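Hello,

Here is the structure I promised to pass on to you. Please have a look at it first, and then read my notes below.

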Amino acid sequence: AFRVRAGVGVEIASAVEVINDLGFDTLTFLGVTVLVVPAFRVVKASPILGFFCAGVVLNQFGLIRNLTDVKLLSEWGILFLLFEMGLELSLSRLKALAKFAFGIGLPQVLLSTLAFAAFELPPNGAIGTRILQFLFNSRPDLVNIRSVDEAIVIGAALSLSSSAFVLQLLAEKGELATRFGSATLGILLLQDIAVVPLLVILPVLESQNVVEQSVWPMLLAESLKALGGLGILSLGGKYLIRRIFEFVAESRSSEAFVALCLLTVSGTSLLTQWLGFSDTLGAFLAGALLAETNFRTQIEADIRPFRGLLLGLFFVTTGTSIDMQLLIREWPNVLSLLAGLIAIKTLITTALATRVGLTFQESVRIGLLLSQGGEFGFVVFSLANRLGVLPLELNKLLIIVVVLSMALTPLLNDLGRKAAGIIDERSETKEVVRDCHVLYTHNGHGCCLFS
């Protein structure tokens with residue numbers, strides 16, 4: 001009996017300690033929010049960058065006691081963000097998103113995956129390793145990819161962008177309803193769908209079956225099964241979720257309504273995870289199913305405070321992922337990989353966007369805005385390190401590159417806006433010169449036709 005009581009006492013003490021740690025972390029984050037948001041508004045910079053810098057500082061001074069649980073809580077911010085984006089969509093806009101998703105998003109993921117994978121091949125002697133060794137005298141064992149399939153998985157992880165950073169910026173600038181915003185959202189949604197093949201390949205790599213057989217037949221079968229399940233979920237949820245909201249709304253209880261919103265986001269996210277998709281896609285789908293209902297405005301008002309605070313917490317925890325000692329020691333490699341990531345994704349996305357009816361200015365903006373790495377890259381690199389696919393330091397190096405690229409998103413967005421403005425000015429100048437030329441040839445009794 002004494003042992004049982006002692007064991008219960010230890011469990012209670014541990015639970016109390018966890019609660020105290022979370023309480024301290026909550027106070028720390030609320031203090032950061034009160035300081036960061038007004039300060040960065042004053043200097044006309046995005047609060048996202050402020051939250052990221054705060055995460056780096058808090059991690060260096062060890063001010064976050066329970067980082068694992070805080071990161072789990074912060075992921076709710078992304079879910080609420082995607083849920084709110086889904087609420088903003090009408091049926092006509094969803095059709096427009098499909099054009100951008102499959103016209104830009106799908107080839108972008110494929111081409112970026114191939115481009116990044118090419119630098120990781122051939123196995124045990126990657127091109128990227130030789131380039132870094134030549135430029136910076138890096139260690140020859142910097143990269144050790146055992147097979148083509150593993151190189152493709154890592155390349156695909158780098159091809160994905162950060163929905164949280166990009167969509168928050170578009171919401172701040174009020175650009176989600178524009179054609180530029182719709183195209184960006186369509187690409188990000190396709191990238192969420194592209195997570196399915198990665199989730200299928202990674203367990204195969206973990207079981208080490210990749211050496212014995214190809215993953216592609218299994219990949220095709222699992223993807224088709226997941227897409228079928230997603231279709232059934234969409235059709236069933238369209239009627240079921242709306243009926244539930246109507247029933248709860250009749251009770252006129254604000255508490256029950258907010259609880260139903262939270263339940264909808266978490267429930268659809270878990271269902272899509274069970275189908276093999278990302279949880280963010282489930283949250284977006286739930287919002288899209290409720291977009292045409294009379295509850296849309298009330299839902300947005302209820303979830304907005306949760307979304308803002310939890311997204312800020314996500315950006316803070318993102319900043320804690322940087323190993324400052326490794327960054328200082330390997331800064332030439334970090335800058336090279338970061339520049340390569342941004343350049344390759346910008347070029348590919350810009351070239352594809354011009355082929356689906358977007359102007360060159362819009363294409364350049366989208367290319368720069370989506371040139372960073374995404375949150376899912378953390379998952380892939382962590383698993384790759386556990387499987388022995390990547391050396392420990394290279395794994396940390398890639399995580400640093402992804403985090404820094406995410407932190408540069410506000411600057412890349414501003415750079416895209418300035419580049420679009422310069423392109424507009426040059427095109428207007430050429431138009432004026434052309435008109436003057438036509439007028440001159442006409443008055444000079446000449447004849448000149450311009451297209």
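Where is the place of G62? You will find G62 in the loop that runs between α2 (47-60) and α3 (67-87). Please keep in mind that this is a predicted model. With a relative accessibility of 53%, G62 counts as exposed, because the cut-off for that is over 50%. In sequence, G62 and T320 are 258 residues apart, while in space their C-alpha atoms are 9.9 Å apart.

Now for the chain as a whole. The protein chain has 18 helices and zero strands. Of its 451 residues, 49% are buried. Among the contacts with a separation of 6 or more, 80% are between residues 24 or more positions apart. The accessible surface of the protein chain is about 22600 Å², and carbon and sulfur atoms account for 66% of that.

One helix I looked at in detail is α5, residues 127-136. Its buried residues are G128, T129 and L132. These lie on the same side of α5, because they cover an arc of only 100° around the axis. What do the buried residues of α5 pack against? Their packing partner is α14 (331-353). On the face of α5 turned away from the buried side you will see the exposed residues R130 and F134. After α5 comes N137, with a positive phi near 55°.

Enjoy exploring, and write back whenever you like.

Best wishes

Terms used. Residues numbered from 1 in each chain as written. Predicted model: local features only at pLDDT ≥ 70, side-chain atom pairs only at ≥ 80, totals over all residues. Heavy atoms only, no water. Helix = DSSP H or I, 4+ residues; strand = E, 2+ residues; numbered from the N terminus. Buried < 20%, exposed > 50% of the residue type's maximum accessible area, 1.4 Å probe, protein only. Contact = heavy atoms within 4.5 Å. Areas by Shrake-Rupley, 256 points an atom, 1.4 Å probe, with all protein chains shown as cover. Arc of directions from axis to C-beta.
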